[in-house]
Every structure is written in C-alpha cells, then in structure tokens.
Amino acid sequence: MPASNDPLLQPFQLKHLTLRNRIMSTAHEPAYSENGMPKDRYRLYHIEKAKGGIALTMTAGSAVVSSDSPPAFGNLHAYRDEIVPWLRRLADDCHEHGAAVMIQLTHLGRRTGWNKGDWLPVLAPSPLREPAHRAFPKEIEDWDIERIVADYADAAARMQAAGLDGIEFEAYGHLLDQFWSPATNRREDEFGGSLENRMRFTEMVLEAVRKAVGPDFIVGIRMVADEDWDKGLSREEGVEIARRLAGSGRVDFLNVIRGHIDHDAALNEVIPIQGMRSAPHLDFAGEVREATKFPVFHAARIADVATARHAVTSGKLDMVGMTRAHIADPHIALKVARGEEARIRPCVGATYCLDRIYEGGEALCVHNAATGREAEISHDIPRADVSRKAVVVGAGPAGLEAARVLAERGHQVMVLEATGEAGGQINLLVRNPRRKEMIGIVDWRLAELERLGVEIRYDVYAEPEDVLALEPDLVVVATGGVAQAPEVEEGSELLTSSWDILAGAVKPAGPVLLFDDNGGHPGMSAAEVIAEAGAELEVVSPERFFAPEMGGMNHVPYARAFVERGVRVTINARLQSVRRDGNALVAVLGSDFSDGARQERRVAQVVVEHGTAANADLYLALKPLSRNLGAVDYKALIARRSPLPVKLPQGRFDLIRIGDAVAGRNIHAAIYDALRFCSFL
Ligand SMILES: Cc1cc2nc3c(=O)[nH]c(=O)nc-3n(C[C@H](O)[C@H](O)[C@H](O)COP(=O)(O)O)c2cc1C
Ligand code: SF4
C-alpha cells in the first residue's frame, strides 16, 4: 500500500508489534468453526480482511478456555490442543498479507446454556440467571476457580504456541466481569463485596497467564467500564478497574465497552443496529483513554471511514474497530489507501450477521453474499473469457447485484426497470424511517453500475418482445414479487396489505388487527408504522411466538415500539374470515391448536402479511425460447460451475430467474442468487 498522510492509515506501535494502520476488526464469532476448530472457511474469512489491508484481525469471539463454558454460538474450543495447528495456519496466512492476528479468549460463566457441548453445568459467581441464555447457574466453588484460572493460562499458552500476535480476554457479560458487577456478584467471601475482592479472580487469571506466556506476549482485555445500569457496574468503578488494569503491568491494551448484555434490549445498546446513533460510546472510550493514558481500542457502530478517522484524529482511540463494516466489505483499508473510499460497500446496520448466529446459523451479510463463502466465491469478481450481451429485467436487489456481477465479468449489461426508480421492495421497507439506511444496498450498487458503464432504462415494463429486441445472449429475470394475502374463508376483499400500509397508500385506521403469517420484517415493520401512527393495534401470529423469522437484535426496536405504544400481541391464532358489520369489520380468529377455537375482534382495519407471489410472467414467456428452457443444474450451481444446461441448442439465449421472482425470500437470498449464478456465467 502506498504511504499516506491519512491519520487512519498511520501505524500504531503496541509494545513490540507494529500495526500497519488504525483499522481493526474486533472479536466476533462468525460460527464458521467446525467442531470448535478454525478450519478453512474460518481462515479464508480472516485472510480476506488481511488482503484488504486491515491492521489487526481479532479472531474468534469468545473462544472458550474451559469445557464447562459450553459454546453458545459456534465458539472455538481454546481448551483443546488441536486448535494450535489450525490457528498457526490462519496466523501465518494473515501475516503473509501484513495483518496482525489475535484471539479473544473467555469463560462465558452464566452466559451460555447447559445443554450444549459436554453438558456440564453452567456456573457464575452467584446463582443468578442470565435472561438471554436462560441457564440457572450454580455458584462457582473454590475448586472451579482453581481449575478455570489454570484453563485461562493453558489457553493463553496455546495461542502463543500458535504464533498469534496476542490475546484479549472478554470481560463484558462473561465470567471475569460477572465477578466485577454487583448485578451478578452477591458473594460474601473473598471474591465478593469490595472492588478488590471482585477483581480478585481477574488478578488470579492475569497472574497465571503472565506466568504462562511471559512478559512480552501481548495480552489485552475487552472490558466493560460502565454497565450503564442501576444494578450494575458504575462508571466510577468501571473506570477505576480500567485504571487498575492499565497500571497492573499485566495488560497491554484496553478494548472498551459500555453497557450490559444480559438481554436483547441491553445488548442492542452495546451493539447498536440500523436506525440507532452512530458511534454512541466513542466519547466514553475516549474518556477511558484519557483517564488511563493507555492504548484503547473500541467498536460500536463506527461503520464509516469518516467516523473512524475522527476517532483517531480526536485522540479518542488508538485502534478503531470496524467489525460489521468488514463483514460488509473486507477491503476497507485498501480502498481508503487507493483513494476509493466511496467504493466501500457500506454496512447498513441490518445486523442479519449477528442475528443469524444467535439463531444457530453462521454470520452472513445481508448484502455481501461472498462473506463467509470465500472458498467458493471471490470478493473480486473475475473476468469472463468471453463477453456476452446480457439483459437484466428488474432493478431490485437481485437485479442490481446481477447487473453488477455480470458487468464486473466484462459482459455488456442493460437493465430494464418497470418503475421510475431502482430498489424494488427496498423502497418499501425504507418507508419505515428507522430502516432507511437499507437504501445503501441500492445506492452502492447504482454507483458501481455507473462506474461500470451499465445502462438502466426506467419505466420500461418489459414484455418478451422488448427483451428479444435487444438480442441478448443472456437474460436475467429479477422481476420480484407482489404482496399476497393469506387464504380466508370469507372477506378477502376487506383485507389491507401490509405493503399498502408501508407505502403510505392506506393510512392506519384503528383499531387495527394485523395478521402476520410471514414472521419477518414486512409484518413487523407495518405493525411499527401503525403503532407509531398512534392507532390501536393487535398483532396476531398463528405460531408459538411472533415474528419467528426475526433475530433478537432486530426484534428489539419493534418490541420497544409495541411496548411503548401498548400493542397487543396474540399468538397461536389464525385469521379465518372477515365480515363487515356496520362501519366496522369483524375478524374471526381460529387456531391451529384447537379445531373449535374461535374469537372475534371488532376493528376498523384488518392488515395482512403473507409474503410475496412471484412475478413470473416474463420468465414463463421467455422460457420456451431459451437455450436452457429455464432449467438450472443445481449440482453445478452448488459446485460453483456454470449452472445452465443446454436443452434447446437452437435457443437464442440463456435464461435465469433469481430472487423473489422465483419465490419470496429475503434480501440476502436475492443477492446470493445473483452472485452465485452470475459469477460463473
Ligand atoms: C456475528 C458477530 C459476533 C460477535 N461475537 C462477539 C464475541 O464473541 N465477542 C465480542 O467481544 N464481541 C462480539 N461481537 C461484537 C463485535 O466485536 C463488535 O463489538 C460489534 O459488532 C460492534 O462493532 P461494529 O459496529 O464495528 O460491528 C460480535 C459481533 C458480530 C456481528
Ligand atoms: S448484515 Fe448488515 S450489519 Fe451485518 S455486516 Fe452486513 S450490512 Fe452490516
């Protein structure tokens, strides 16, 4: 990378280690581990960031030091010797690309479940349940403390043996700080009461670790310095802990956290999502740096380069964590150095990545489908051997991504869009002001298409003749879907679509009953809009809980709006019919769980959400003319080869159909469809 005056690109000296710039990715378990080991998928994910110029990648996220810290979300097993060669390979490969590699180690304490891993009982300083993970912990005993202190030291030694540049201990919501916090430590022995006592366990750990790794190995701590909670650790005590740790001579950096994480609403403040303030704890991290005069790292929604630069120039941080930002674009530093800052794919705060790991999935970015799939799909789209003429119909997320990828491959691409603007259903979801950042998914692609010279023709409702007139060699149908209503026995004409509410075409008129038979954002977002408009609202779900397709972090703002606006939620009830009665509507609710169940609601509006039906007409019309007759070879698609069989050799073009034009799914699925088809065409 060329030398630069950019403050963000200046090196930072941490002990003997020179970090090449100020940009890091903080610990985050992407759940790419296999049996607790960081194998190829894990390694390639981190290498991509190293190639992209990052200075420091903090691997894992809560790699567990003991077997009685059962992995809650795919955590690495730092307590097993076999992790060493896997990490060594990862570290060597990242070093080759100039990035430093560390790992976060922890004992989760009560922040996990007992029915995972080896089914060992969960423990905590005091037997107080963490709402998020729901385990009732046992009170930690003397022999546990002895054992776990040794486990920390052994794990640290393993990381040193693997050639990592350092380690950091997790101390927010986990065992170390469960001892610090009055909310979780009610002990009356030498580990409870005074701050000295509450820090005793941490000191024992640090002492044992230093004995194991020596004075030179880099050891940091990611610590809460203010739980921002009446029951929890105060700012005064938190900053005092930071001061004592900085002065202990046993740690080399502080990675500052503000807040507590024992339930979703609290975690949301620590890891803010879209619609929330940018960098809300940056000033506080700066205050800790000022109070300790010690190297300070920090991450919390510093999603853009300007804010990151400000964090460094204002002296608030030494290293800026841009964690989700790298999940969205692993090449941030490289683009900054090349003067291509505007080309960075923005993290739009959707937090699909984090929500997926809490639901037992792996971290995936809502609009970068290559992340986590580096083994098969390149972040840098390779050029095709032969340039083809491609027509993409539809400028929603699937169509825009298809056009981008095809253009990067060197094909000549034209996009036809039926409406006057690009974005498809994203234009609808951003009508909820809290979700307006999602437009970044569209804007980034539009800017890339402009750079790549792709023409978009608006207000063209493409009929087959329009497409054929362009004489394409490849046609991508990305025509999306339209809202569909659930089947009801009577009164389908009385239903209002969630889309009409979101689009503002129909004003909420309370009392409203919203029947959500989809379980994701569209229904919840319509509900939020209705509630915020001040209308009385009842949300009805046929399932055992509402919005089951929604992850915990995204659930928070909806739930907050519901609680604050007095929205009633009814589960286990299915809309059966609607009839008019005078000026009102009567909604009849049954239940999948009991045939005879029947309740009635008198309301002014019945809003329904039942996903989308595919807009497939164009595809169906073009299908018999195409070389592949619309067919897809799924084996080839999965094996990352050209997925289009030749079924009609005289066919005039290849035809693919992607996104909601196939079946209603989500934005990631639409973009992944586009990327995996078009990367190999
Ligand atoms: C998928 C995912 C997993 C995470 N897991 C951890 C973890 O295990 N330990 C941790 O300290 N932070 C974890 N985090 C929090 C991040 O380190 C970071 O604090 C957070 O994403 C806010 O920074 P950002 O706005 O730059 O993304 C996780 C974040 C994500 C997105
Ligand atoms: S899913 Fe959303 S929050 Fe996560 S990295 Fe992608 S854009 Fe950012």
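A search of the whole structure, which is a predicted model, identified three cavities of 30 Å³ or more. Here a cavity is a set of points, on a 1 Å grid over the protein atoms alone, where a 1.4 Å probe fits but cannot get out. Grid points are joined across faces, edges and corners, and a volume is the space filled by probe spheres set on the points. The largest cavity holds about 560 Å³ of space. It is lined by 39 residues, of which Ala27, His28, Ile271, Thr323 and Leu354 are the closest to its centre; a lining residue has an atom within 4 Å of a point. The lining comprises 24 nonpolar, nine polar and six charged residues, where Ala, Val, Leu, Ile, Met, Phe, Trp, Tyr, Cys and Pro count as nonpolar, Asp, Glu, Lys and Arg as charged, and the others, Gly among them, as polar. At least two lining residues come from each of β4, α7 (264-270), α10 and α12. Helices (H or I, at least four residues) and strands (E, at least two) are DSSP runs numbered from the N terminus.

Residues are numbered from 1 along each chain as its sequence is written, and chains are lettered from A and ligands numbered from 1 in the order in which they are written. Local features need pLDDT of at least 70 and side-chain atom pairs count only at pLDDT 80 or more, whereas totals for chains, interfaces and linings use all residues; side-chain values use heavy atoms, with hydrogens and water left out.

Ligand 1 sits in the largest cavity, a placement that requires more than half of its atoms to lie within 2 Å of the grid points. Around ligand 1 there are 21 residues, and Thr26, Ala27, Tyr172, Arg301 and Arg324 come nearest; a residue belongs to this shell if one of its heavy atoms lies within 4 Å. The shell divides into nine nonpolar, seven polar and five charged residues, and β4 (56-64), α10 (323-328) and α12 (352-358) each contribute at least two. Polar contacts (pairs of N or O atoms within 3.5 Å; within protein, one atom must be able to donate a hydrogen and the other to accept it, and residues adjacent in sequence count only if both atoms are side-chain atoms) involve three residues named here. A backbone N or O atom of Glu29 is 3.3 Å from a nitrogen atom of ligand 1. An N or O atom in the side chain of Tyr172 lies 2.7 Å from an oxygen atom of the ligand, and a backbone N or O atom of Arg301 lies 2.6 Å from an oxygen atom of ligand 1. Taken alone, ligand 1 exposes 600 Å², of which the protein buries 97%; accessible areas come from the Shrake-Rupley method with a 1.4 Å probe, and for residues only the protein chains shown count as cover.

The surroundings of ligand 2 include Arg324, Cys347, Cys353 and Cys365. This shell is made up of nine nonpolar, two polar and one charged residue. Both α10 and α12 supply at least two of its residues, with α10 giving the most, at three.

Two local backbone features were also identified. Gly510 and Pro511 are joined by a cis peptide bond with an omega of about -5°, and Pro511 is found in the loop between α17 (498-503) and β19 (512-516). Ala279, although not a glycine, has a positive phi of about 45° and is placed in the loop between α7 and α8 (282-292).

Definitions and conventions: 1 Å grid on protein atoms, 1.4 Å probe; cavity = no way out; pocket = protein on both sides within 12 Å on 5 of 7 lines; lining within 4 Å.
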